[in-house]
Amino acid sequence: MADATTLFVSIGLSEQKAKETLKNEALSSTLKDAIAQAQNVVGSAAIDKAMGTLLYSMASRIKDTRRLGFLTEYIAKRKITSELQLAAALEFVKSHPQDPLDRSAFESSCGVGVVITPEQIEDVVEQVIKKYKNQLKEERYRFNMGLLMGEARAGLKWADGKIIKNEVDMQVLHLLGPKTEADLEKKPKAAKAKAPEKEKQEVDGAVNGEVKMEAKSLMEQLRGVALNFHKPGENFKTEGYVVTPNTMSLLKKHLEITGGQVRSRFPPEPNGILHIGHAKAINFNFGYAKANSGICFLRYDDTNPEKEEEKYFTAIRDMVEWLGYTPYEVTHASDNFQQLYDWAEELIRRGLAYVCHQRGEELKGHNAPASPWRDRPVEESLVLFQRMKKGMFAEGEATLRMKMVMEDGKMDPVAYRIKYTPHHRTGDAWCIYPTYDYTHCLCDSIEQITHSLCTKEFQARRSSYYWLCNAIDVYCPVQWEYGRLNLTYTVVSKRKIIKLVEEGVVRDWDDPRLFTLTALRRRGFPPQAINNFCARVGVTVAQVTMEPHLLEACVREVLNEQAPRVMAVLEPLKVTITNLPNESQMAVRVPDFPANEEKGSHVVPFSRVVYIEQSDFREVMEKGYKRLTPDQPVGLRHAGYIISVQRVIKDASGKVTELEVTCATTDSAEKPKAFIHWVSKPLECEVRLYERLFLHKNPEDSAEVPGGFLSDINPNSLSIIQDALVDQSAANAKVFDKFQFERVGYFSVDPDSTPKKLVFNRTVTLKEDPGKI
């Protein structure tokens, strides 16, 4: 340790920096090698601080250590003498991963041998000053001097920045003279112009189908350089990407096939219904392709016939299209079963896979014993694998395993296993099926995917992804990981949702209390709101856990603009207007969107008998209560009438069953404290009110819910009102039509509706419940 510290200090590092470097084993090893190679070049001469600084910078930034000696030689021979040259050198070797390197092209790109004289610097700076002379004289030292530096450096790429700055300072001083007191005064800040309303709406709302969240739409985020994704065909520039002797020729062929087009894919397993977390994956995969003028495949990873059902295939595609995306092509992993099998045989021939007879329970965990069959002869494994295909082994009796170690330490992952279950597409043609670890990267390769986007938990499989493509010499895409999206107060595990269905807690996968996408659609969540929510969450690498009320806020924003208003009464109280004739009836026009009446209206009847909410009447006046009481009149929304109680009618138990009132026009009576909604000659309907399914934020956390998630069910998660009333304008509503019930909330027509009776699901309340966290 002491010797290494001394070595690092000898090249110009401080003692503290030297000790910090030693803590990083990989960096310290690379730096030692660089110093040793540099000393071979310089001989007995000491490595000075300038050279040492460049060696350290190179060692800390180099990705391909095969190039260490090459770059060290240029630094030691003082052909690379600045950080600018070093950065260009590192970029060159990163972009040219294959041997041999073209030294002439390398030296040209790094400015090797380029000499910038003081006279050249003086001439270039003089030209820049001349260009801005008038502006400089007007603004003097308030002028943006960075502009002069930027243009001067652009014309003097390999010149020392400090020398350029000194020359700029000297020529500016010569032109303007020393700073005066006026130059030293602070420049007043310009007042920000207030953004026009239209511009403000473009920042906060939706413009041309792109939802703006905090001034950046999802499309803008996916187009942004913040993702730092590679360009198609430049896979090798990605950190961790493995380059082989065949990489560049495979990438060249890939570009010939794709034309440099971005290609992504959304690869769900068809063994369950998509949930809110998948919405982020859909938006990310399809959105990234769309934002970059590319294409996205919908590929079903149908390699587990035991759990796959046709209803899941249909529902997955429906949800993708519901969210607004159209797959370039719908494909299946099973499309490639024969090719995958042929490649598996090739893997065996290359000595990189073998047939193993260890049982499944022996392979569990990360410390499984090594297979005693790992080194069996290639021909033997080939014969056994062919016997597996012919159905000559029982399930679990044999597997095909790949000879590699995954990033999480798991050794020799399984590539094929035996399953005597008919496949929904291939029937009984196969009794061996490939695993995810084997199938996924090869299907990506077949489809020439450029960006294989997956959630963070697959990071441990990235090395196996690259290994397998390279092992059989096929085009290797780049795997990029992003953070999962999770919600509190719910479960999304397929196994747990099935348990909820089996236990009768929920009706099915589309029960509106769940957060599957089919459930959210049934509840009335607009797809735009879900996409907005994903945009608001952002393109994050870290796992994100969000509160449901943040999603509900996005729903309100969309429905406020899209859901026409109707009047509905959930708990009706009959009101008879005694000073209107028995047969009295008039038509009242109600705007669909009161804030913008140009968007249309509908007509509802107004007669002698109307119905109001029971909660809009109190027999005993209370402080702060502004609605109807025996001593306080109230207005009827849109009708132009104010009603006053004359008589309260009760049943035998003392419950108020009817009110008799008189009415007066709004222009002939004093303005009331409140206006309430009402219905007349209404339609009877069923209304379902939903609350959170679980009582605790994390129902799967045993510390929070010791009895397990089934013990945490909210008994009030569903309330059904059988005899609610809605105005006649909703008579022709179709399934999934959405409305705002004035003063009540947002509602959607449920598929259980019949021609005789509509059923409405409450999507969200009008305002967030202040009791929610």
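**Entry 1: helix 8**

Against which helices do the buried residues of helix 8 pack? I began with this question on a predicted model, in which local features need pLDDT of at least 70, side-chain atom pairs count only at pLDDT 80 or more, and totals for chains, interfaces and linings use all residues. I noted that residues are numbered from 1 along each chain as its sequence is written, and that side-chain values use heavy atoms, with hydrogens and water left out.

I took helices (H or I, at least four residues) and strands (E, at least two) as DSSP runs numbered from the N terminus. Helix 8 covers residues 118-131, which is 14 residues. From its first C-alpha to its last it reaches 20 Å, close to the 20 Å expected at 1.5 Å a residue; the expected span is 1.5 Å times one less than the number of residues.

I then looked up burial, where buried means under 20% relative accessible area, exposed over 50%, and partly exposed in between (1.4 Å probe, protein chains only). Ile121, Val125, Val128 and Ile129 are buried in helix 8. Seen down the axis of helix 8, the buried residues fall within an arc of 100°, so they line one face; the arc is that of the directions from the helix axis to the C-beta atoms. The face turned away from this buried side carries the exposed residues Glu119, Gln127, Lys130 and Lys131. To settle my opening question, I recorded that the buried residues pack against helix 9 (133-139), helix 10 (145-155) and helix 11 (161-176). Contact here means heavy atoms within 4.5 Å.

**Entry 2: nonpolar cores**

I looked up the nonpolar cores, each a set of buried Ala, Val, Leu, Ile, Met, Phe, Trp, Tyr and Cys residues joined through side-chain atoms within 4.5 Å. The largest has 88 residues, and Ile276, Phe385, Tyr416, Tyr438 and Leu442 have the most contacts inside it. Helix 16 (residues 276-291) gives the largest share of this core, eight residues. A second, separate core of 37 residues includes Ile35, Met51, Ile80 and Leu86.

Leaving aside neighbours within four places in sequence, Leu442 touches Leu340, Trp343, Leu468, Cys469, Ile472 and Val474.

**Entry 3: strands**

I counted two strands as paired if DSSP finds at least two bridges between them. Strand 5 (residues 295-300) pairs with strand 6 over four bridges, and Leu298 stands opposite Val330 in strand 6.

I also examined strand 26 (residues 718-726), which runs antiparallel to strand 16 (residues 568-569) and is joined to it by two bridges. Val569 has Leu725 as its bridge partner in strand 26. Seven bridges join strand 25 (residues 683-690) to strand 26, again antiparallel, and Arg688 stands opposite Ile720.

**Entry 4: backbone exceptions**

Most residues other than glycine have a negative phi, and most peptide bonds are trans. I therefore listed the following cases.

- The peptide bond from Asp99 to Pro100 is cis, with omega near -5°; Pro100 is found in the loop between helix 6 (83-95) and helix 7 (103-110).
- Arg78 has a positive phi near 55° and is found in the loop between helix 5 (68-76) and helix 6. Arg78 counts as partly exposed because its relative accessibility is 44%.
- Gln448 has a positive phi near 55° and lies in the loop between helix 21 (436-446) and strand 11 (451-455). Gln448 is buried, with a relative accessible area of 12%.
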